Structure formats: C-alpha cells, structure tokens
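Here are some notes on the model, written for reading beside the coordinates.

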Amino acid sequence: MEKLLMVWVTEKQLKGDTLTQGIICEKARTIYSDLLNQTPRTSTDEASEDSFKASQGWFDNFRKKTGIHSVVRHGEAASSDVKAAEDYLKIFSEANGYIPQQVFNCDETGLTFM
C-alpha cells in the first residue's frame, strides 16, 4: 500500500500540486480500502477492514521512511503557471539565442556589484 501511495505522492509533486498530511492520509485510506476490496476475504477478515486508520504515528513513520517533506507554497509561487513559464522560456530562447542556463528569474533577488 505504501509503495502505491508513494507513486501517487511523486506524481502529485511532479505536477506541482500541494499535498498536506490530511490529503495523503485520506489517499492512504482509499488505497488500503481498494486493496482490501480486491483481495478475497473470509468472514474473520471483516474486522480488519477498519484496522488501518492512517494515524499521526503512521504518517510520521511513512514520512521518515520515504523522505518526503513539507513544502508550503505562498504568494506568487502558489499561483504560478509553470506550463506558461516553460513555454515562454522556449520562445525567449529561440528569439534571442540564449540557452536555458543563461535565463533566470531575479524578480526578488538582490544583486550586489563591487
């Protein structure tokens, strides 16, 4: 279950989606439930259906094992259009002959000349 969850988390991170503990725990419960529904069960397994709670302790252990960490986006970064920025970089490079390593954003960067 945790391997499937980690694949989902990685996909979401690559898309730039914001993930919280609550979102990850809810997805973990959904994956667990789906896996239970796909496996043949006996009447004694009915009680195990509610055994996985995706608790705070489980989440902390999952986070430590997988190395995921919290990244909270605020302000401009939370509303940025990554696709548009990538498209503009291609257009800008072709028009001016720059390579991607020569293009950077210094919107909030202080430059000091000596």
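1. W58 counts as buried, because its relative accessibility is 14%, where buried means under 20% relative accessible area, exposed over 50% and partly exposed in between, with a 1.4 Å probe and protein chains only. The model is a predicted one, in which local features need pLDDT of at least 70 and side-chain atom pairs count only at pLDDT 80 or more, whereas totals for chains, interfaces and linings use all residues. Residues are numbered from 1 along each chain as its sequence is written, and side-chain values use heavy atoms, with hydrogens and water left out.

2. The rings of W58 and F62 form a stacked pair, because their centres are 5.2 Å apart and their planes stand at 10°; rings of Phe, Tyr and Trp (its six-membered ring) pair if their centres lie within 6.5 Å, and planes under 30 degrees apart count as stacked, over 60 as edge-to-face and the rest as tilted. W58 and F62 are four residues apart in helix 3 (residues 56–66), which means that about one helical turn separates them. F62 is buried, with a relative accessible area of 0%.

3. By this ring rule the count is three aromatic pairs. In one of them, F52 and W58 are edge-to-face, because their ring centres are 5.4 Å apart and their planes are at 90°. F52, at 17% relative accessibility, is buried, and ring pairs link Y32, F52, W58 and F62 into a cluster.

4. As for the whole protein, there are five helices and zero strands, assigned as DSSP runs (H or I, at least four residues, for helices; E, at least two, for strands) numbered from the N terminus. Buried residues make up 14% of the 114 residues.
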